[in-house]
Amino acid sequence: MAEIVSPLTPVSKLECKAAFDNLSGDEKLYAHYLSRAAFEGGLIVLLQTSPESAPIFLLLQAVFSGQSTQELKSASDCTDDEWKALVTYAAAFYCNMGNYKGFGDTKFIPDLPKEKFHSVVQACSSYKTSETRLGKLWQSCCDAMYSVTEREKQLGMKDIGITTYYSANCTTEDAEFVKDFMTEKNLSPYNTRVFQRTDIDDTYELRLASVADKADPVGSEDDVACLVSTHSFRGKTIIITRGDYAQLMGRIVDNLRLAKKYASNDNERSMLDGYINSFTTGSINAHKNGSRHWIKDKGPIIETYIGFIESYRDPFGQRGEFEGFVAMVNKEMSKKFTNLVSAAEQLLPLLPWPQEFEKDKFLRPDFTSLDVLSFASSGIPVGINIPNYDDIRQNEGFKNVSLGNVLAAGSQDKWVSFLGDQDQELYCKLKVPAFEVQVGLHELLGHGSGKLFRQDENGQLNFDLAKVTIPENGQKVNSWYHHGDTYDSKFSLISSSYEECRAECVGLHLCLSHDVLSVFSYHGDAADDIIYINWLNMARAGLMGLEYYTPEHNNWRQAHMQARYVILQVLLEVDDFVKITEITASDGQPDLLLRMDRQKIATSGKAAIASFLQKLQVFKSTCDAEAATALYKRYCSVSDEFLKMRSIVLARKIPRRMFVQPHTKVLEDGFVQLVEFDASAEGIIQSSVARWLEYDEQLESEWLRDVHHWPYPPS
């Protein structure tokens, strides 16, 4: 059955007006141009998602521009249900920046007949002036928009899914081959795509995202130009080129230059210089330099980050999706996170691994609560720990952010699935506060903890080989990261989910400390309730994670939900701790009831998580990807019992919330206006029409340049 987006999907506003109104004129201009840079870059996500995402976007922009949604509805012959289906699809497309879910990677299609959608295209005002162009756009994407062949149902490598990080003829073996080449050249994959040539045997194009599209050096700091050439590797040819998304990258750079005029300090200016250099030349080293200055920019009024960041949606776990956000710091909410940072060095020894497996020095990061103004990507998280570069995180530092106005949207839930009546009231009351604690621990002490054992280019180890032993068996360490290795490159296919699992386990383990909870002003019985709801929420999330498992291909489509399912399996190994029972609900249909014995959390529950967490860290520290993979695959396997539960989870699933974001624009007098929209599907469409061009010729040309790499229909 094809997946549609329910018209009952809740929509929330990203509330940030109060924080924005408190900014000075220059700060508003700084935020505006950073937002423009983020959203221009957000169009890249379309090109990273599916071959048809860009033309669908161009079509939607044309259809919904030029008249109000109400005027378009009146001009069409849609029934109320058909109209609701159309605007829900469009809103979901804009929120996910493509026709695959940003959280779960499954394709969704319109819930109205193709002919009816076409009639709406023909009824829009743009069709009267651009009939030929809209007709071509419709023909280029209408079949793919509705098609749900087995391969098209989800993102993935050749044969099991769709991906535009690689040409359609690339396999996992091809990705592995190119990875080995990039490791040898010490070249990061974050801003690259791979195209296997069809006109020349055994030849790959490895293309870097940049404004520059030639090998000629751009300025004195262009460290990529010398690599832009043809290379031989293991009997095959790899041609490094640059200029991927060049026209869109140019628009990002233009807006970053405008933002720089309103930067408030030298760190912000140097940060933007690094990003501008990176996006111009394709140099990840330049982006690292920008990130170094970003780390040093402590306590800014406006927080931002931009680039090719998270590798969740690359089926090989290497290449970064474009992401950019702009937010205002919520000083009152940030106080508790600042206190958590202050306590971090006392809390790290509570983690269940020897001191030798912890970083030599804890690099105190900035940790702030933010009210998001703009977030351009395939989805909006609730917390972030960045940058993702191992060498910077290990040796120089990182930042943590909690996205407070995103987190707050969850407080609107009044009832949740799979919990008994005795848990409903407490869960709905404390879900957001408990999750806030979990996010804080997950980001700061989860992603921010643990040492990677390394050997540098001179053969020097960063640990004492004679003294450090494996805590579980006392044996000497016999594996580590060599020069050029990264965690992502060694753990590749499991890297994202494994690291999220480790961070989630850190949160569960440390939330049991009343010293931690006192930082968040929870004491006594209130603290115990927060612990219970946090652990219960994790177990429930693990059960709900079954939605993101594809039994036909035995693969998981979402890193966080796979991690939570793994944790649930660990908890289920504890006798009489967590129980999941099939019941018949009041509607007469099968349901599930999850219960947890809260008295065992601090004893056998804690012991189980501590033991598992220690294994996760030891394997990560020692670069033992083989043992890590064996352990992780064992816990993420789905038995027949859980496959049966999966069918109930799918039948009971609740639509994932969508967010409508505000828009900023500069008026003639130089004043920046914040434009807000209704919390509805129509509001999401209106915000998107305001944000992007009605006809983006540059996006269209970027799409047309590469669409031949993915012949339709996919074979």
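Predicted model: local features only at pLDDT ≥ 70, side-chain atom pairs only at ≥ 80, totals over all residues.
Which residues of strand 4 lie on its covered face, and which on the uncovered one? Residues are numbered from 1 along each chain as its sequence is written, and side-chain values use heavy atoms, with hydrogens and water left out.

1. In strand 4 (residues 230–233), His 231 and Phe 233 make up the covered face, while Thr 230 and Ser 232 make up the uncovered one. Strands here are DSSP runs (E, at least two residues) and helices likewise (H or I, at least four), numbered from the N terminus. Strand 4 runs antiparallel to strand 5 (residues 236–244), joined to it by 4 bridges; two strands pair if DSSP finds at least two bridges between them. Thr 230 stands opposite Ile 239 in strand 5. The two strands form a hairpin with 2 residues between them, and Arg 234 in the turn has a positive phi of about 50°.

2. **The chain as a whole.** You will find 25 helices and 17 strands in the chain. Its radius of gyration is 25 Å, close to the 27 Å that the globule rule gives for 715 residues, so the chain is as compact as a globular protein of that length. (The radius is taken over C-alpha atoms, and the rule is 2.2 Å times the number of residues to the power 0.38.) The C-alpha trace spans about 75 × 65 × 55 Å along its principal axes. Of the 715 residues, 61% count as buried, where buried means under 20% relative accessible area, exposed over 50%, and partly exposed in between (1.4 Å probe, protein chains only).

3. **Two nonpolar cores.** A nonpolar core is a set of buried Ala, Val, Leu, Ile, Met, Phe, Trp, Tyr and Cys residues joined through side-chain atoms within 4.5 Å. In the largest one, of 111 residues, Phe 64 and Phe 117 touch the most other members. Helix 2 supplies the largest share of this core, 13 residues. Leaving aside neighbours within four places in sequence, Phe 64 has contacts (heavy atoms within 4.5 Å) that include Trp 83, Leu 86, Ile 685 and Val 689. Another core, of 94 residues, lies apart from it, with Ile 470, Tyr 532, Ala 563 and Leu 568 among its members.

4. **Aromatic pairs.** The whole structure holds 35 aromatic pairs. Rings of Phe, Tyr and Trp (its six-membered ring) pair if their centres lie within 6.5 Å; planes under 30 degrees apart count as stacked, over 60 as edge-to-face and the rest as tilted. Tyr 33 and Tyr 262 are stacked, at 6.2 Å centre to centre with 10° between the planes. This pair links distant parts of the chain, 229 residues apart: Tyr 33 is in helix 2 (residues 25–49), and Tyr 262 is in the loop between helix 10 (246–260) and helix 11 (266–281). Tyr 33 counts as buried because its relative accessibility is 16%, whereas Tyr 262, at 26%, counts as partly exposed. Phe 177 and Tyr 204 form a tilted pair, 5.6 Å centre to centre with 35° between the planes. Both of these residues are buried.
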